[in-house]
Amino acid sequence: MTRSDRRTILLALGLAALAGYVDALGYLTLKGFFVSFMSGNSTRLAVGLAERSRQPVATAGALIGLFVAGVVLGSIVSHVAKRPRRAVLSLVAVLLGLAALSASPAMQALMSGWLAGDRLPITLMTLALGAENATIQRAGEVSIAVTYMTGTLVKMGQALARAMLGGKRLEWLPYLMLWVALVLGAVAGAALFPTVRLEGLWIAAIWCALLAVWAGDAKDPSTPAQ
């Protein structure tokens, strides 16, 4: 990340805030499951298996499968598109817009069975956040993680250690900024959720559409992955 150009870093910050915002909406809707943080869902899946509890196993398993499907979809779009970043972000914006639309009272009144309730919006949200990871790539691999922060915090710690040992003093700062962006996005999502519920996804869809217009497709000069 520290070797990425300024535009790519700013894009990553915007995407991290988007992921935090959407994940907070999903977490509060699902009451403890995630649409972005698959490590957490994997732990919920494992605990459910140990306790022989079908509901958490089914929920966590479905979310993990949908997230991976979103990554596959985003990666394919990135591979075939002439402007990969713009194409992937346009896909994410459409998925989030459809999720917001399906969560609206008017659409809910028209839906029944499996489509009723939160299942369809959650499905589209999870696909969107999986696809978002394909936005910033180098040689077909994710170069900056924007929907999960464990690796980012590890790299920040490593950069801090290098600074203490005489290395670059501020190498850790971009990683901290990325983490803060995700947290601030999540705070915004959690704060708005009691009022807007999943209709707050319209904000995410619009934000993603703006990022798609602004992002461009400048080459990410990162040499190692993040």
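Residues are classed as buried under 20% relative accessible area, exposed over 50% and partly exposed in between, with a 1.4 Å probe and protein chains only. The structure is a predicted model, in which local features need pLDDT of at least 70 and side-chain atom pairs count only at pLDDT 80 or more, while totals for chains, interfaces and linings use all residues. Residues are numbered from 1 along each chain as its sequence is written, and side-chain values use heavy atoms, with hydrogens and water left out.

Helices (H or I, at least four residues) and strands (E, at least two) are DSSP runs, numbered from the N terminus. Ser104 is placed in the loop between helix 4 (84-103) and helix 5 (105-110). Ser104 counts as buried because its relative accessibility is 10%. A polar atom of the Ser104 side chain lies 2.7 Å from the backbone oxygen of Leu101. This pair is considered under the polar contact criterion, namely N or O atoms within 3.5 Å, where within protein one must be able to donate a hydrogen and the other to accept it, and residues adjacent in sequence count only if both atoms are side-chain atoms.

Glu199 occupies the loop between helix 8 (173-196) and helix 9 (201-215). With a relative accessible area of 33%, Glu199 is partly exposed. Contact is defined as heavy atoms within 4.5 Å. Apart from neighbours within four places in sequence, Glu199 is in contact with Ala103, Ser104 and Pro105. The C-alpha atoms of Glu199 and Ala103 are 6.1 Å apart, although 96 residues separate the two along the chain.

An unreviewed UniProt entry annotates residues 57-76, 88-111, 172-193 and 200-216 as "transmembrane region". UniProt positions are given in the numbering used here, feature names are shortened, and annotations may be inferred rather than shown by experiment. In the model, residues 57-76 are 100% helix and 0% strand, with 29 Å between the end C-alpha atoms. For residues 88-111 the end C-alpha atoms lie 28 Å apart, and the span is 92% helix and 0% strand.

Backbone torsions were also examined. Most residues other than glycine have a negative phi. Lys31, which is not a glycine, has a positive phi of about 55°. Lys31 lies in the loop between helix 1 (6-30) and helix 2 (38-51), and is exposed because its relative accessibility is 69%. Arg52, also a residue other than glycine, has a positive phi near 55°. Arg52 is found in the loop between helix 2 and helix 3 (54-80), and its relative accessible area of 78% makes Arg52 exposed.
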